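Here is a short briefing to read alongside the model on your screen. Keep the 3D view open and click along as you go.

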Amino acid sequence: MSESTPGTAAQFPPLEGPPLLGLHEMELNFGPQHPSTHGVLRLVLKVDGERIVSARPDIGYLHRGTEKLFETETFPMVVPHTDRMDYVASATNNHAYVLVVEKLLGVEVPKRAQYIRVLLDEMQRISSHVLWLATAALDLGAITPFFYTFREREVILDLFEEYCGARLTLNCMRIGGLPVDLTPGWLEKVRAFTEPFEKNVDEYEELLTENRIWKQRTIGIGVLDEKRCIEWGMTGPVLRAAGKAWDIRRAIPYEVYPELEFDIPVGKNADTYDRYLVRVAELRQSRRIVLQCLDWLEKNPGTEIRGKVPRVIKPPAGEAYAAVEAPKGELGFHLVASGGNKPYRLHVRPPSFINLQALPEMAQGHLVGDLVAVIGTIDIVLGEVDR
Amino acid sequence: MSDATFALVATGAKILFVWVIALATILPNLVWAERRVAGMIQDRPGPNRVGPFGFFQIIADGTKFFMKESVTPLYVDKLLYNLAPWITLMPGLVTFAVIPFGATLPVTIGGVTREVPLVIADVNIGILYIFAFTGLGIYGIVLAGWSANNKYSLMGGLRASAQIISYELAMGFAAAGVFLAAGTLRLSGVVEWQQQHVWNVVPQFVGFLVFLIAAFAETNRLPFDLAEAEEELAGGFHAEYSSFKFGMFFMGEYANLIAASALLATLYFGGWSLPGVAFTGVWGALASVAVFFAKTIGFIFLFLWVRWTFPRFRYDQLMDLGWKFLLPLSFFHLIAVAAFVAAK
């Protein structure tokens, strides 16, 4: 078992520190092909029996040079590339990108388009969170929630398909507004989806919230308190579960969020269970926002979906940063424009990448069985980690 | 026909019935049932394309096992690697030899009527035989984990050995209560005692619960499937097995599941008997077989139901549950039963 096979990919420095019990810890390769790493994440673990002495993420298996690619595309051509970052929440990716360009251009987006954007964002949040719930529960061996949540996710994806033709890589926003207006009857379908949704969330909670095994497996696992969260730059549900009510939708408001009513759910123990509770509460809040958007859109019919945008988009030379509250946390774009029709530099602040950095700290000292819970609780998408 | 010839033929017929007819039909159908039950619980149809209600799915699955390439990784311990699936499959199958599956069947040949007890081998150490073989079954898993030259397999094997040894103790203590009450280690004796008195589940409910939980752990099913732990160890002990060898682990799991269900029905739910019903004659015997099957299938359904409902325990929590809760509980239960039997 100790013999290494020649010709393996990377060489690592020898184990450090004094030997444990006269033996060195076992080095365990967790991924990149592993059912619970949510993609091609590789973790180099050192384990003492089942206890994790250290966990080192090795990322980059999905690196596609997206940020460099941005620089070779004109401003409108960048939008579909952003879809491929967090591919389970592409609407918020599009949104963050168009926001930053609009900020530099100084374009005003029509109210209707803003409401539709928010509506799409929140539905995206629901679909992303139910996917998280499905996979996180699956990692802990609870198989059935997966099928319950996919039932709802399927409806959302169908609605997206009806609106913009795509299910995952939506490409559903344009600089200054939206590509197309809503399909007739679409709003009614969204409303039909939201009606039983509250009950569906109750159903997920019935399976998990008071389940003793679920609680044993999640309470006190992967704790990262508020101070450490802030030091690591964690955002999104991970930070909120630590008790900090930080949400870009309220902290740095964009679009019509100031007009909408919703609460920011917070946890207090900063563990996996609280993150679960926060995300489930966010499902209910997102439904609230969707309903308010539906009310507004039904009361204010119109056709105006795009602001006054020049035919060739050339933002003035300068810098801008804009961020949205993506399902995983703060998704920001930092744009440097040189006055041309392509971005000079477009840097992404991906929440998955930054949240993943705290994994070694969260996993240390836990058992291998908890590691999958910790990976699940951060909610990473490797497309966004590696870009 | 002489008595000896008759006994030989009768035993042969019983073996044929249990292993060839009953197991060979239940085992594949159980795989089908598991997937249909999973579908029912998960709000989806389950397999429904191959044959009526997807009933022939198992033929497609079985063919798949045979057709897949059998990969043996480098540097495995060849002997143990190839032996392990057999060791896992066998105990699940041989357990059925001592479980009575029906009342006595009168057979009339040439004007002579002989009584055939519907149990293959009514040995007087029935429960010891069962524990001996289930204890052996663990070797299959441990050796599979050890021989496969894979760290995940090794961890799976280690988990399995610790888990099954821990739960076997609690299981043994719980089962001992039943045999104390019946005064015999013979399983047919236990059924008879329950027929005359009361189903063991009523006076020994605690023992039943311990035995049930331990049975889940013994059969490596969720929430105790730590040795396999798809999402943690990527298959654990059978991570390096493919094709038919994997199929044997797969069948072994189901054989153990049926054996555990049959044992639960026998020890705690009266086996083939029903309270207040005397199963006599040919039809009575056949009806008793049906009763036994119904009870077994009821437990099988419980196993499936639990699997699709609960998350998995963590390794240390499993150990805590086994040693700190189930073992003391079963121990005190045994003492209580012993005191009660002695007082009587």
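The points below cover cores, strands, aromatic rings and salt bridges.

This is a predicted model, in which local features need pLDDT of at least 70, side-chain atom pairs count only at pLDDT 80 or more, and totals for chains, interfaces and linings use all residues. Residues are numbered from 1 along each chain as its sequence is written, chains are lettered from A and ligands numbered from 1 in the order in which they are written, and side-chain values use heavy atoms, with hydrogens and water left out.

**Nonpolar cores**

- A nonpolar core is a set of buried Ala, Val, Leu, Ile, Met, Phe, Trp, Tyr and Cys residues joined through side-chain atoms within 4.5 Å. Buried means under 20% relative accessible area, exposed means over 50%, and partly exposed lies in between (1.4 Å probe, protein chains only).
- The largest core has 116 residues, and A:Y97, A:L119, A:W186 and A:F333 touch the most other members. Helix α4 (residues 111-139) of chain A gives this core its largest share, 13 residues. Helices (H or I, at least four residues) and strands (E, at least two) are DSSP runs, numbered from the N terminus.
- If you click on A:L119 and skip its neighbours within four places in sequence, you will find it in contact (heavy atoms within 4.5 Å) with A:W186, A:L187, A:V190, A:V290, A:C293, A:L294 and A:L297.
- A second, separate core holds 84 residues, including A:I143, B:Y167, B:A174 and B:Y254.
- In chain B, B:T296 is found in helix α10 (residues 281-307). B:T296 is buried, with a relative accessible area of 5%, and touches B:I258, B:S261, B:A262 and B:A265, not counting residues up to four places away in sequence.

**Strands of chain A**

- Strand β5 (residues 329-337) of chain A is mostly covered, with 7 of its 9 residues buried.
- On one side, β5(A) pairs with strand β4 (residues 318-326) of chain A in the antiparallel sense over 9 bridges; two strands pair if DSSP finds at least two bridges between them. These strands, β4(A) and β5(A), form a hairpin with 2 residues between them, and A:A326 stands opposite A:G329 in β5(A).
- β5(A) also pairs in the antiparallel sense with strand β6 (residues 343-349) of chain A, over 6 bridges. Here A:L335 has A:L346 in β6(A) as its bridge partner.
- The hairpin of β5(A) and β6(A) has 5 residues between the strands, and A:G339 in it takes a positive phi near 100 degrees.

**Aromatic rings**

- The structure holds 35 aromatic pairs over all chains. Rings of Phe, Tyr and Trp (its six-membered ring) pair if their centres lie within 6.5 Å; planes under 30 degrees apart count as stacked, over 60 as edge-to-face and the rest as tilted.
- A:Y254 and A:Y257 are an edge-to-face pair, because their ring centres are 5.1 Å apart and their planes stand at 75 degrees. A:Y254 is buried at 6% relative accessibility, and A:Y257 is buried at 0%.
- A:Y273 and A:Y276 form a tilted pair, 6.0 Å centre to centre with 35 degrees between the planes. Both lie in helix α11 (residues 272-299) of chain A, 3 residues apart, about one turn of the helix.
- In chain B, one aromatic cluster is formed by B:W199, B:F205, B:F208, B:F211, B:Y268, B:F269 and B:F299.
- A charge sits over a ring if NZ of Lys or CZ of Arg is within 6 Å of the ring centre and within 35 degrees of the ring normal. A:R153 lies over the face of A:F150 at 5.3 Å from the ring centre, and A:R250 lies over the face of A:F262 at 3.9 Å.

**Salt bridges**

- A search of the whole structure finds 42 salt bridges over all chains, each a side-chain nitrogen of Lys or Arg within 4 Å of a carboxyl oxygen of Asp or Glu.
- A:R112 forms a salt bridge with A:D181, with the closest N and O atoms 3.0 Å apart. A:R112 lies in helix α4 of chain A and A:D181 in the loop between α5 (144-164) and α6 (186-208), so the pair ties together parts that are 69 residues apart in sequence. A:R112 is buried at 10% relative accessible area, whereas A:D181 is partly exposed at 25%.
- A:R151 and A:E203 meet in a salt bridge at 2.8 Å, N to O. This pair links helix α5 to helix α6 of chain A, 52 residues apart.
- A:D247 and A:R249 form a salt bridge at 2.8 Å between the closest N and O atoms, and both are buried.
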